[in-house]
Amino acid sequence: MLQPQRVTFDELTERLRAYEKKYGYSTFEFYRRYRDGKMGDDDDLMMWAGLYHLYLTSLPVLYD
């Protein structure tokens with residue numbers, strides 16, 4: 001079972017890059033294919049999708 005971990009935004013970005021290198025897709029392209037049911041549902045791919053969701057909901061907000 002996975003244990004909860006705290007990650008910084010930079011660490012999250014690094015993890016996404018590692019998946020991109022491993023599978024040869026950008027995270028954006030992967031997620032489009034995953035969402036359309038073209039990538040399967042093994043644990044590694046579900047983790048990538050989950051990390052991307054976390055990334056999208058954690059984008060830093062810049063204020064002037």
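These legends describe close-up views of a predicted protein model.

View 1. Residues are numbered from 1 along each chain as its sequence is written, and side-chain values use heavy atoms, without hydrogens and water. Helices (H or I, at least four residues) and strands (E, at least two) are DSSP runs, numbered from the N terminus. The order of elements from the N terminus is α-α-α. Along the principal axes, the C-alpha atoms fill a box of roughly 40 × 30 × 20 Å.

**View 2. The surface and charges of the protein.** Of the 64 residues, 19% are buried. Buried means under 20% relative accessible area, exposed over 50%, and partly exposed in between (1.4 Å probe, protein chains only). The side chains include 9 positive and 11 negative ones. Lys and Arg count as positive, Asp and Glu as negative; His and the chain ends are not counted. The centres of the two sets lie 3 Å apart, with each charge placed at NZ of Lys, CZ of Arg, CG of Asp or CD of Glu.

**View 3. Helix 1 spans residues 9–23.** Its 15 residues reach 21 Å from first C-alpha to last, close to the 21 Å expected at 1.5 Å a residue. The expected span is 1.5 Å times one less than the number of residues. Just after helix 1, Gly24 has a positive phi of about 75 degrees.

**View 4. Helix 1 has a buried side and an exposed face.** Leu12, Thr13, Leu16 and Tyr19 are its buried residues. They sit on the same side of helix 1 because they cover an arc of only 115 degrees around the axis. The arc uses directions from the helix axis to the C-beta atoms. Their cover includes helix 2 (27–35) and helix 3 (43–57). The face turned away carries exposed Asp10, Glu14, Arg17, Lys21 and Lys22.

**View 5. Tyr55 lies in helix 3.** Tyr55 counts as partly exposed because its relative accessibility is 22%. Leaving out residues up to four places away in sequence, Tyr55 touches Phe9, Leu12, Thr13 and Leu16. Contact means heavy atoms within 4.5 Å. Tyr19 is 36 residues from Tyr55 along the chain, and their C-alpha atoms are separated by 14 Å.

Definitions and conventions: This is a predicted model: local features need pLDDT of at least 70, side-chain atom pairs count only at pLDDT 80 or more; totals for chains, interfaces and linings use all residues. Accessible areas come from the Shrake-Rupley method with a 1.4 Å probe; for residues, only the protein chains shown count as cover.
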